[in-house]
Amino acid sequence: MKTLQLQLRFLIPLLVSLVIAALVVLPLMDQLTLRWFSRDLNTRGTAVANALSDSLEDALASGSAQRLQMLIERAARDERLVAIALCSGTNQLLRHSAAFPPSLSCAESKRVAREPEQRLELRTGAVHVGVFALNPERSNGASVVLLHDLSFVERRSQDTRQYLIAFIVVLGFVIALVTVVVAQLSWRGWVSGMNAILRGEGLIRPFLPPPELQPVASEVRARLRDLEDEFRRSQELVMVWDPERLRALLHTQLRGDQVIVVSNREPYLHEHTDQGIVVRRPASGLVTAVEPVMRACSGTWIAHGSGGADRDVVDTHDRIGVPPESPEYHLRRIWLTEQEEQGYYYGFANEGMWPLCHVAHVRPVFRESDWEQYRIVNQRFADAVVQEARREDPVVLVQDYHFALLPQMIAEKLPRATILTFWHIPWPNPESFGICPWRKEILQGMLGSTILGFHTRFHCKNFIETVDRYLEARIEHEHSSISFQGSETLIESYPISIEWPTQAEVESWPAVAECRRRVFERMQLPPDTCLAVGVDRFDYTKGILERLRAVEGLLERYPQWRGKFVFVQVAAPTRAALDEYRNFRDRIQLATDRINQRFGTQGYQPVHLLIEHHGREQINELFRAAQMCVVTSLHDGMNLVSKEFVAARDDEQGVLILSRFAGAARELTEALIVNPYHVEESADALHRAATMPPAEQRERMASLRMTVREYNVYRWAGRMLADAGRWRLRARIEARVQRHADGPTRPA
Ligand code: ADQ
């Protein structure tokens with residue numbers, strides 16, 4: 001459309017000027033033609049008069065009228081001559097040929113002959129009038145009047161005019177054609193040049209924009225980026241994020257595009273039990289966060305089918321609709337062999353990447369064979385994404401450290417896909433990450449993402465510094481993006497959260513007093529007991545040992561709590577196949593036994609260790625029954641337990657103790673923030689929480705609740721998907737401009 005407009009802008013003035021040219025040139029041309037012919041006819045007339053002069057002079061001298069008439073009639077046979085006349089010196093018409101107009105006198109003939117065009121309009125047509133004097137001595141001043149036919153001049157002039165018009169039209173077409181071609185070429189060149197500059201390719205490819213365009217290009221690019229940043233910031237101010245808003249965003253910004261999630265952990269496991277096949281939800285922060293998003297967008301979730309009865313319930317494409325009670329999206333299960341699970345999941349992901357990224361003083365283990373399996377399994381998931389993609393440009397949400405290679409593998413097969421990778425665990429500093437033997441491959445794999453998200457700015461900064469250290473990439477700190485091998489990745493922080501409970505849900509919960517009564521009864525606790533809880537996967541990064549030491553420290557430093565303070569640790573078994581986890585579990589069991597032996601009495605057990613998976617309601621009941629929740633992670637990407645505790649306390653009571661090494665500590669600043677390595681500080685925090693007046697608890701809890709409600713999981717997903725939407729919009733515009741520049745015949 002733009003090129004057409006541009007061409008019209010060239011063509012219309014061109015055509016107008018051609019018409020004007022024709023209007024001015026043609027009459028001028030007529031005039032000129034007449035003058036030329038007039039001059040020719042004069043020359044011709046002189047020749048004719050000269051040829052006749054002797055005979056006419058002789059006839060005049062002899063006074064033979066007959067001879068004169070004969071001479072005139074013979075001369076008048078010339079096809080160009082209309083008529084001839086002989087005038088005396090006193091302007092009397094002596095003789096004339098038959099066709100000489102009777103109305104034309106000798107005086108009139110001489111007057112016309114003196115005019116520049118010498119043209120006379122007769123009834124029979126236009127004539128040229130020429131008067132030529134004979135020898136005055138022999139003819140007494142007589143002269144010959146020659147009337148030449150001008151109709152042939154008219155005919156020739158008409159021919160000339162037609163040729164001229166044809167010439168002008170052909171010339172017009174040629175000029176128009178040249179203009180269009182030149183305009184097309186220069187527009188295409190300009191557009192693709194501008195495109196390349198805007199994409200930033202001008203700096204890393206041999207292409208360089210013309211020097212005069214460079215400042216304009218960088219200014220335009222900078223403005224676009226600023227607008228994008230501004231827009232993103234303005235989005236932060238939107239107060240309420242809920243499923244409706246997320247759905248609306250998916251339908252507007254992503255226009256109902258297909259969303260595919262990839263994670264190792266599946267959101268629902270099917271297990272065989274004595275009562276038949278039952279469905280279970282795993283204890284996983286990732287699942288807790290991504291599940292509500294999937295329900296909102298009805299996409300496809302690809303995950304490892306790890307439940308004992310998983311294969312028995314899927315269809316022929318290994319798919320099943322979930323949630324089981326009312327399916328809202330598809331779960332596609334991938335089956336792994338024991339060898340694959342051992343190498344990829346237990347080996348590389350959990351013995352290598354997990355301790356590598358967490359500063360928890362457990363050494364990562366890297367084995368070549370594990371790495372091999374990790375690559376194979378990543379490729380299997382990439383193939384599954386390609387199979388599940390209904391279009392060539394789905395939005396793919398890649399979850400976590402199990403799939404560092406997946407983004408690049410997907411990008412190779414689906415270059416138009418928008419790949420959002422979210423790294424749920426921390427990212428270490430470049431030195432720590434440097435010990436990984438395949439550090440370059442991992443970084444390259446991750447940079448296949450369109451957007452790479454971490455929980456905090458600090459993790460983003462660590463990642464960018466790591467890339468800077470180990471890869472040849474262009475880093476734009478201002479916009480937090482990395483360009484590597486021609487593609488750009490936005491590195492952004494998206495603090496994850498939970499789904500804030502709806503009013504209906506809250507109303508369905510038993511009252512806090514009732515929860516307290518049930519828990520106290522079940523655990524046989526005296527009514528004046530101060531109850532503290534910890535809820536975690538049984539993982540060494542969660543600081544469970546440090547927490548137990550803090551409880552021990554409390555009972556040592558504040559003896560008044562002996563017999564009155566009870567700590568319940570709920571620990572979901574996890575990665576039990578690994579030595580490190582089994583050893584950890586033994587250490588926790590030993591520490592629990594030691595404290596219970598030290599401070600326990602008849603009917604009083606200070607620490608209750610419940611190594612089992614709990615249902616949502618059970619955990620909620622425990623949170624509502626407790627005086628405090630203790631989160632002492634040694635290093636944690638975010639930590640959702642802390643947010644779940646806050647969400648459970650609609651009575652605005654209860655205290656959160658939170659490790660400063662959990663990402664959540666950056667948002668939940670009204671918690672009692674502790675360094676879990678500092679046992680005494682943590683013990684003091686327990687005491688402070690146990691003695692905190694209800695008014696202070698309310699003040700802190702109300703503020704915490706406001707934060708978690710506002711910064712919920714829909715905001716997390718919404719911000720990421722909105723960024724993806726903008727990215728896709730930009731890509732579409734660029735593709736459209738490119739198509740225009742390439743012309744309609746090229747494939748899009
Ligand atoms: P996790 O390490 O799994 O997540 P966390 O964020 O605390 O840690 O989430 C654990 C989830 O499991 C919570 O929803 C919790 O309720 C549940 N859970 C824990 N113990 C349970 C039990 N015994 N029974 C049942 N459910 C239990 C990783 C990162 C975190 C990050 C999340 C999300 O390590 O830092 O917050 O991903 O990104």
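Histidine 128 stands opposite histidine 148 in β5. This is a predicted model, in which local features need pLDDT of at least 70 and side-chain atom pairs count only at pLDDT 80 or more, while totals for chains, interfaces and linings use all residues. Residues are numbered from 1 along each chain as its sequence is written, and side-chain values use heavy atoms, with hydrogens and water left out. Helices (H or I, at least four residues) and strands (E, at least two) are DSSP runs numbered from the N terminus. Two strands pair if DSSP finds at least two bridges between them.

**The antiparallel sheet**

- An open sheet is built from 5 strands in the order β2-β1-β5-β4-β3, with antiparallel pairing.
- At its edges stand β2 (93-96) and β3; each has a single partner strand, so one side of each is left without a neighbour in the sheet.
- On average, neighbouring strands of this sheet are turned by 30° against each other, direction ignored. (Axes are lines fitted to C-alpha atoms, for helices over the stretch in contact, and angles run from 0 to 180 degrees between N-to-C directions.)
- Helix α2 (residues 65-75) packs on this sheet and touches β1 (81-87) and β2; the direction of α2 makes about 55° with that of β2. Contact here means heavy atoms within 4.5 Å.
- Helix α3 (residues 106-114) also packs on the sheet, touching β1, β2, β3, β4 and β5, and its direction makes about 95° with that of β4.

**Pairs within the antiparallel sheet**

- Strands β3 (residues 119-122) and β4 (residues 125-133) run antiparallel and are joined by 4 bridges.
- The hairpin from β3 to β4 passes through 2 residues.
- Arginine 119 has histidine 128 in β4 as its bridge partner.
- Between β4 and β5 (residues 143-149), which run antiparallel, there are 7 bridges.
- Valine 131 has valine 145 in β5 as its bridge partner.

**The parallel sheet**

- Another open sheet has 6 strands in the order β20-β19-β18-β21-β22-β23, and its pairing is parallel.
- The edge strands are β20 (607-610) and β23 (672-674); each has a single partner strand, so one side of each is left without a neighbour in the sheet.
- From one strand to the next, the twist averages 20°.
- Strands β21 (residues 628-631) and β22 (residues 655-659) pair in the parallel sense over 4 bridges.
- Cysteine 629 stands opposite leucine 656 in β22.
- Helix α23 (residues 679-691) packs on this sheet, touching β18 (530-537), β19 (565-572), β21, β22 and β23; the direction of α23 makes about 170° with that of β23.

**The ligand and its shell**

- There are 28 residues around the ligand, of which His424, Arg537, Asp636, Leu640 and Glu644 come nearest.
- The shell divides into 12 nonpolar, 9 polar and 7 charged residues. Ala, Val, Leu, Ile, Met, Phe, Trp, Tyr, Cys and Pro count as nonpolar, Asp, Glu, Lys and Arg as charged, and the others, Gly among them, as polar.
- At least two shell residues come from each of α9 (285-297), β18, β19, α21 (616-625) and α22 (641-648).
- An oxygen atom of the ligand is 2.6 Å from an N or O atom in the side chain of histidine 424.
- For the side chain of aspartate 636, the distance from an N or O atom to a ligand oxygen atom is 2.6 Å.
- A polar backbone atom of methionine 638 is 2.8 Å from an oxygen atom of the ligand.
- The protein covers 97% of the 710 Å² of accessible area that the ligand has on its own (Shrake-Rupley method with a 1.4 Å probe).

Methods
A residue is near a molecule or strand if one of its heavy atoms lies within 4 Å of it. A polar contact is a pair of N or O atoms within 3.5 Å; within protein, one must be able to donate a hydrogen and the other to accept it, and residues adjacent in sequence count only if both atoms are side-chain atoms.
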